[in-house]
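Thanks, everyone, for making the time this morning.

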Amino acid sequence: MFDISFENAKLFKDCVDAIVNLINEGEFEISSEGITLRAMDPSQIAMVDFKMPKKACSSYKVEGDVKIGVNFEDLSRVMGRARPEESLNLKLKDSRLEMTFKGKFTRRFNLPLLDIGGTVPKEPKIEFDANIKLNASVLKDSLKDASLVSSHVVLSIDKNSFVIEATGDRGDVLIETKKEETVVIAHECTNNAKAMFPLEYLNDILKGADSSTVITLYLKTDAPLKVEYPVGQAEIVYYLAPRIENV
Amino acid sequence: MFDISFENAKLFKDCVDAIVNLINEGEFEISSEGITLRAMDPSQIAMVDFKMPKKACSSYKVEGDVKIGVNFEDLSRVMGRARPEESLNLKLKDSRLEMTFKGKFTRRFNLPLLDIGGTVPKEPKIEFDANIKLNASVLKDSLKDASLVSSHVVLSIDKNSFVIEATGDRGDVLIETKKEETVVIAHECTNNAKAMFPLEYLNDILKGADSSTVITLYLKTDAPLKVEYPVGQAEIVYYLAPRIENV
Amino acid sequence: MFDISFENAKLFKDCVDAIVNLINEGEFEISSEGITLRAMDPSQIAMVDFKMPKKACSSYKVEGDVKIGVNFEDLSRVMGRARPEESLNLKLKDSRLEMTFKGKFTRRFNLPLLDIGGTVPKEPKIEFDANIKLNASVLKDSLKDASLVSSHVVLSIDKNSFVIEATGDRGDVLIETKKEETVVIAHECTNNAKAMFPLEYLNDILKGADSSTVITLYLKTDAPLKVEYPVGQAEIVYYLAPRIENV
């Protein structure tokens, strides 16, 4: 049993948006602490790790731990109908998720739940060698530059700079951001790190971040990339497998 | 013979827009009273009844009653070229409709007329049991909510509320607007009324209404719905057949 | 060898945009005077003649004359990534065009060059009979009017007016702009002139002109049309073959 309300439905909408870009189906775990979800994307290349603390909700009643399996496309479509200033209440009712929006009048959606089962993927344990903090807009724009010539980018961080590179038949692109430049919010590097990632996944991962969101990238040579950003009072973390070129 | 002018071409444009969403071809009847048109949509599920009084025109000269058959898509495309602050003159010339826009310079379009013939459909005589007045934006938004789960909606009015419901495999939606809520401009009910209608037609009917337009819905159980709204100084009425489920 | 900089990358972007609408591949000639390009569109119906004087560049170093063959779609895609307030540097490096954008940080693109060869088309020598100057927005809008009924327009200039006409199955359009009307910036006519042109090419030719750009049209009966407009401190001229109807 649960009965959870958000004063502004937009917070939950933003969270769902940040998940749906990678995940088709997944299970929210609702406990006395808050709402979490960990799931792999269908191709098993990326993982989402989502955590919303109880305090992000305006009212939060849960009895026991509850798991609800949802189709994220359907959930996202419903959340897309949230209007400014509307509140949202979530309840379990007759094995369905009852979502009630209240603003100028009352709108109620009932979503069928999915029986997902299976085990929740584990969080990868990686000791990263470098990380950088940037506004999402800077990163998104650079990835668009790279997409002119390739479907993959090489990210690298050394003591002095963060570099995004792409190479293809139509030319090559190199974007260098020096540690001291104003767009860099933080830059740490214990060892040089460099790895290649698919652009499509990076774009999906960043889609849920609006332009002023601060993104943290954690890098280690030929290891998964960790991307982390806040969504209101919730937090979303993605892991993305590197492409390792055979020699 | 006729020679009719509109100080602002936009008024006639808005009328054409409200008609073209349902009707491919139709006949304007131009008499000493004004301009009217009554026509069924091609699938015979909906009817348009349009009336523009003579006083909506800045100059209005007609000799005898004239009928002009038009292709509404072509007419709508021409009217879509109207610019802000332009005037419009309509004339019959060599069996064509001559449309002259005047603003910074003069633009003249000649449209071939259609030979439509046939009889004009009669206005249905229905004693409705309930009606409600709402802004178009409220209604349009609620229909978008419903379209998440179905292609049909059930509309119902009772003493206290107006309800829009939709049900489908992906869940169900219920939007309740209580009589006393501020979005309700008027609410009358002599008998409870409830009927099901296709969303696609409802959307087409409302397309010509901008968000602040006041819509009146007239409802009677399992009878056609009547939708009425003003377009400037003209008035447009639609009738839409209900879907009656077999038992 | 060359090393050319633009204080604002947008100037070069606008030039590339005005060329790419007609030309797939072409050769920039870079001399001590400036940058030029003359090329036919793939169907040989239109010609572009582009001239950018040295003084439009913030720094300009060239040794000898250099020709660089470029794929305009690829170049246009790179220029599309220019951001407001960024500077641009162009260099030849390892038989590639190195393009460096500098703003908040540095972005470098390398474009492969094409081996184009062939002879540069000659500039047509035509003594035009009439010309008119108008804002691009007026002309673009009138061509949209004409496109409702045909894929071709007849342009004509006489002592008093400039007329655009189009005729088709769905009606006809006539747009008359009198010499004294305020939208006419200049109007000269030694002999009446009239010719027919394909709308698609006219639209492509005007695509690079923003709405306040002053366009000059030079007309002579059944001869190519000349269209001329400035792009910043550069100048672009197009010639478009007329359609001469067989009798």
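Before I give any areas, let me say that by buried area I mean the accessible area, taken with a 1.4 Å probe, that two parts lose on being put together, summed over both. Please also keep in mind throughout that this is a predicted model.

Let me begin with chains A and B, which bury about 1400 Å² between them, with 50% of that area on carbon and sulfur atoms. The contact draws on 15 residues from chain A and 17 residues from chain B. Across this interface there are six salt bridges, and one that you can find on the screen joins Arg96(A) to Asp172(B), with 2.5 Å between the closest N and O atoms. Nine residue pairs are in polar contact between chain A and chain B, counting pairs with both residues at pLDDT 80 or more.

Which elements of chain A each supply at least two residues of the side that touches chain B? They are helix H2, residues 72-79, and strand S9, residues 106-112, and it is S9(A) that gives the most, with seven residues.

Turning now to chains C and B, the contact involves 17 residues of chain C and 15 residues of chain B, and the two chains bury about 1400 Å² between them, 50% of it on carbon and sulfur atoms. On the chain C side, Leu148(C), Arg170(C) and Asp172(C) supply 37% of the area that chain C buries against chain B, which is more than any other three residues.

Here, too, the interface holds six salt bridges, among them the one between Arg81(B) and Asp145(C), whose closest N and O atoms lie 2.6 Å apart. Helix H3, residues 136-147, and strand S13, residues 171-178, are the elements of chain C that give two or more residues to the side touching chain B, and S13(C) gives the most, with seven residues.

Finally, S13(C) pairs with strand S9 of chain B, residues 106-112, in the antiparallel sense over five bridges, and in this pairing the bridge partner of Phe109(B) is Val173(C).

Key:
Residues are numbered from 1 along each chain as its sequence is written. Chains are lettered from A and ligands numbered from 1 in the order in which they are written. This is a predicted model: local features need pLDDT of at least 70, side-chain atom pairs count only at pLDDT 80 or more; totals for chains, interfaces and linings use all residues. Side-chain values use heavy atoms; hydrogens and water are left out. Contact means heavy atoms within 4.5 Å. A salt bridge is a side-chain nitrogen of Lys or Arg within 4 Å of a carboxyl oxygen of Asp or Glu. A polar contact is a pair of N or O atoms within 3.5 Å; within protein, one must be able to donate a hydrogen and the other to accept it, and residues adjacent in sequence count only if both atoms are side-chain atoms. Helices (H or I, at least four residues) and strands (E, at least two) are DSSP runs, numbered from the N terminus. Two strands pair if DSSP finds at least two bridges between them.
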